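Me: Please take me through this model by question and answer, with the criteria behind each term spelled out as it comes up.

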Amino acid sequence: MNKIFTIAWNMVKRTIGSRKGFLTYILLPSIVVAAIISVTGGMENHSATVLYTNRDTGAAGQHLLAELENTGDYKLVPRKDEAALKEGVIGQEGGVGIWIPAEYTAQLAHGEQPQLNIYELRTTETSIMFKMKVNTIANEMLQTAQTVHAVSGGTGDAEAGFGAILKQAGQHDVGSTRTDYDLYPRETLGVITGMTLMFLMSLVTSTVSLIMDDRRGRTMMRMFSAPVRSYEIALGNFLGSFMVGVIQIAVVLILGKWVLRYDYEVPAYLYFLVLAAFMLVSMGIASTVAGLVRNPRNAGMLNALILTPTCMLGGCFWPLSVMPDYMQKAANFMPQKWAIQAVDIAATGGGWNELWLPFAILGLMAAVLLAIGSAILRPNETGISA
């Protein structure tokens with residue numbers, strides 16, 4: 001057992017003991033995942049800031065603003081006049097601004113549609129959705145005003161009647177019952193998990209390269225000449241790479257959850273277990289490939305032959321649902337698919353009665369691949385150096 005740990009610790013020191021190794025396998029993945037979290041993590045459940053100036057003294061202007069705020073999608077910030085509104089939009093104090101003219105209620109009450117000025121520095125998804133929402137509310141108020149005007153026959157105070165209806169509508173006595181409580185994983189969680197899995201898979205290349213160097217330099221042969229068995233050498237390399245992966249997982253989780261305050265919607269220990277299980281499979285792949293590859297120059301082809309294709313098929317870059325049926329079936333043989341599925345199940349509140357299947361499949365993959373790698377590593381042979 002001490003021999004296995006000695007080989008493993010030597011693998012750890014060679015992988016991340018140098019400045020280059022630490023930057024490549026610990027710092028770089030953490031920075032990339034942190035950047036993804038920063039970009040995608042704040043895209044959901046975020047209220048856009050909307051600047052407004054309301055010159056209307058009637059009920060329509062207040063109703064429009066109240067309906068926008070009730071959506072929960074916008075944070076309304078007042079500005080004293082139109083000039084201040086424009087300056088705020090130019091200064092990016094808000095993503096979009098709206099100017100409600102005077103006599104807005106009075107014009108609506110008489111069946112007219114007054115002009116609402118909407119200001120934006122650049123066209124974005126938020127500004128487009130905001131315009132659509134404003135137009136919807138304004139058209140609904142216009143239809144109501146026209147109905148009131150037609151019923152009253154132009155007699156009486158149309159503005160007062162229109163205002164009374166808007167006041168009643170603002171109470172939302174008639175509503176709907178929500179049946180969708182967002183019990184599904186966020187798309188950004190899948191992206192972050194996929195990128196993390198990809199960087200964990202990149203350790204396969206580093207592990208294979210180190211094993212190729214040991215075989216080419218006859219270090220593995222000298223190791224085998226000592227009282228060390230083949231499976232102990234394989235387990236040592238396997239365990240060393242796994243320890244590097246665990247360090248990488250811990251750094252990424254600490255940075256994302258406790259530094260960037262990103263809510264993974266999954267308990268930290270469970271997310272760690274999923275990534276660790278995937279790491280076991282990755283190390284099994286590394287040991288198997290290291291036993292098969294004899295020419296060190298071929299180790300660099302692993303990214304093209306293993307890392308990228310399996311990440312694509314496994315759903316690291318896009319949802320599996322967008323792929324053809326035959327590719328979705330092929331994804332069942334990719335460990336990335338089961339790791340992402342385990343995270344999705346945990347994010348939707350699933351328990352171990354559902355999680356056991358992806359964990360069992362990942363464990364079976366790791367066991368089979370490690371057994372094959374131990375059998376074909378053949379440390380008594382040297383690699384092809386030419």
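Me: How many helices and strands does the protein chain have?
Reply: This is a predicted model, in which local features need pLDDT of at least 70 and side-chain atom pairs count only at pLDDT 80 or more, while totals for chains, interfaces and linings use all residues. Residues are numbered from 1 along each chain as its sequence is written, and side-chain values use heavy atoms, with hydrogens and water left out. Helices (H or I, at least four residues) and strands (E, at least two) are taken as DSSP runs and numbered from the N terminus. Counted in this way, the secondary structure of the protein chain comes to 15 helices and four strands.

Me: What percentage of the residues in the protein chain is buried?
Reply: Buried means under 20% relative accessible area, exposed means over 50%, and partly exposed lies in between, using a 1.4 Å probe and protein chains only. The protein chain has 386 residues, and the buried share of them is 45%.

Me: In which order do the strands of the open sheet lie?
Reply: Two strands pair if DSSP finds at least two bridges between them. The edge strands, each pairing on one side only, are strand 2 (74-78) and strand 4 (117-119). The open sheet has four strands with mixed pairing, and their order is 2-1-3-4.

Me: Which residue of strand 2 stands opposite V50?
Reply: Strand 1 (residues 48-54) runs alongside strand 2 in the parallel sense, and the two pair over five bridges. In strand 2, the residue opposite V50 is L76.

Me: Is P78 buried or partly exposed?
Reply: P78 is found in strand 2, and its C-alpha atom is separated by 9.5 Å from that of G97, 19 residues apart along the chain. Because its relative accessibility is 48%, P78 counts as partly exposed.

Me: Where is E103, which has a positive phi?
Reply: Phi of E103 is near 60 degrees, a positive value in a residue other than glycine. As for its place in the chain, E103 is found in the loop between strand 3 and helix 5 (104-109).

Me: Is Q92 buried or exposed?
Reply: Q92 lies in the loop between helix 4 (82-90) and strand 3 (96-100). Although Q92 is not a glycine, it has a positive phi of about 60 degrees. With a relative accessibility of 53%, Q92 therefore counts as exposed.

Me: Is helix 14 roughly parallel or roughly antiparallel to helix 15?
Reply: Axes are lines fitted to C-alpha atoms, for helices over the stretch in contact, and angles run from 0 to 180 degrees between N-to-C directions. The axes of helix 14 (residues 335-347) and helix 15 (residues 352-376) come within 9 Å and cross at roughly 155 degrees. Angles under 35 degrees count as roughly parallel, over 145 as roughly antiparallel, 65 to 115 as roughly perpendicular and the rest as oblique. Helix 14 is therefore, relative to helix 15, roughly antiparallel.

Me: Which residues of helix 14 make the contact with helix 15?
Reply: Contact means heavy atoms within 4.5 Å. On the side of helix 15, the contact is made by E354, L355, L357, P358, I361, L362 and M365. From helix 14, the residues making it are P335, W338, A339, A342, I345 and A346.

Me: Is G349 buried or exposed?
Reply: G349 is found in the loop between helix 14 and helix 15. Its C-alpha atom and that of E265, 84 residues apart along the chain, are separated by 9.1 Å. Because the relative accessibility of G349 is 64%, this residue counts as exposed.
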